[in-house]
Amino acid sequence: RLLAKAYHELGILRKPKFLEVERMDLVGRTSQHTLSKTREVLEEARGGILFIDEAFTLGMPSKRSKPEAGMDAINELIRSIDDAEKDSKDDTHPMIILSGFPLEMYA
């Protein structure tokens, strides 16, 4: 949260917003639901920091969804990062921070 405030004061971020989410905030039961949830989170974090806690769980199956659902969220996050890189003059794309245990993140 302090990072968002500091980056905002330095002019790196448009807003001092820090949005912390986890797998259940990004992944739905179906591919379409996952895309919808992930896009909503990306939109809510615009101009600030999107912090994804235990990001390694996106690649794991759960009782509620298939492993592909997590991959759909990952692919949407990558698309957003690619869009931000292509449109470097648009400073409203969120800064995305992925958090997790090192071994699980590399798996």
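Is Phe 56 buried or exposed? Phe 56 is buried, because its relative accessible area is 16% and the limit for a buried residue is under 20%. The structure discussed here is a predicted model.

**Strands**

- Strands β1 and β2 run parallel and are joined by 4 bridges.
- Strand β2 also pairs with β3, again in the parallel sense, over 4 bridges.
- Leu 50 in β2 has a residue opposite it in each of these pairings: Leu 19 stands opposite Leu 50, and Leu 50 stands opposite Ile 96 in β3.
- Both faces of β2 are covered. Ile 49 and Phe 51 are buried on one side, while Leu 50 and Ile 52 are buried on the other.

**The largest nonpolar core**

- In soluble globular proteins, nonpolar side chains tend to be buried together.
- The largest nonpolar core in this model contains 14 residues. Val 21, Leu 26, Leu 50, Ile 52 and Leu 58 are the members that touch the most other members.
- At least two residues of this core come from each of β1, α3, β2 and α4.
- Helix α4 supplies the largest share, with 3 residues.

**Thr 34, a buried residue in helix α3**

- Thr 34 belongs to helix α3, which spans residues 31-44.
- Thr 34 counts as buried because its relative accessible area is 0%.
- A polar atom of the Thr 34 side chain lies 2.9 Å from the backbone nitrogen of Gly 28.
- Leaving aside residues up to four places away in sequence, Thr 34 touches Leu 26, Val 27, Gly 28, Ala 69, Asp 72 and Ala 73.

**Salt bridges**

- Side chains of opposite charge can pair when their charged atoms come close.
- The structure holds 5 salt bridges.
- One of them joins Arg 1 to Glu 20, with the closest N and O atoms 3.4 Å apart. Arg 1 lies in the segment before α1 and Glu 20 lies in strand β1, so this pair ties together parts that are 19 residues apart in sequence.
- Arg 1 counts as exposed because its relative accessibility is 59%, whereas Glu 20, at 39%, counts as partly exposed.
- Glu 76 and Arg 39 also meet through their side chains in a salt bridge, at 3.1 Å from N to O. Glu 76 lies in helix α4 (residues 67-86) and Arg 39 in helix α3, so the pair ties together parts that are 37 residues apart in sequence.
- Glu 76 is buried, with a relative accessible area of 4%, whereas Arg 39 is partly exposed at 44% relative accessibility.
- A further salt bridge is formed by the side chains of Arg 79 and Asp 83, at 2.3 Å from N to O.
- Arg 79 is partly exposed at 36% relative accessibility, and Asp 83 is partly exposed with a relative accessible area of 28%.
- Arg 79 and Asp 83 both lie in helix α4, 4 residues apart, which is about one turn of the helix. Through salt bridges that share partners, Arg 39, Glu 76, Arg 79 and Asp 83 are joined into one network.

**Aromatic pairs**

- A pair of aromatic rings is described by the distance of the centres and the angle of the planes.
- The whole structure contains 2 aromatic pairs. In the pair of Phe 56 and Phe 101, the ring centres are 6.0 Å apart and the planes stand at 50 degrees, so the pair is tilted.
- This pair links distant parts of the chain, 45 residues apart. Phe 56 lies in the loop between β2 and α4, and Phe 101 lies in the loop between β3 and α5.
- Phe 56 is buried, with a relative accessible area of 16%, whereas Phe 101 is partly exposed, with a relative accessible area of 49%.

Conventions
Residues are numbered from 1 along each chain as its sequence is written. This is a predicted model: local features need pLDDT of at least 70, side-chain atom pairs count only at pLDDT 80 or more; totals for chains, interfaces and linings use all residues. Side-chain values use heavy atoms; hydrogens and water are left out. Buried means under 20% relative accessible area, exposed over 50%, partly exposed in between (1.4 Å probe, protein chains only). A polar contact is a pair of N or O atoms within 3.5 Å; within protein, one must be able to donate a hydrogen and the other to accept it, and residues adjacent in sequence count only if both atoms are side-chain atoms. Contact means heavy atoms within 4.5 Å. A salt bridge is a side-chain nitrogen of Lys or Arg within 4 Å of a carboxyl oxygen of Asp or Glu. Rings of Phe, Tyr and Trp (its six-membered ring) pair if their centres lie within 6.5 Å; planes under 30 degrees apart count as stacked, over 60 as edge-to-face and the rest as tilted. A nonpolar core is a set of buried Ala, Val, Leu, Ile, Met, Phe, Trp, Tyr and Cys residues joined through side-chain atoms within 4.5 Å. Two strands pair if DSSP finds at least two bridges between them.
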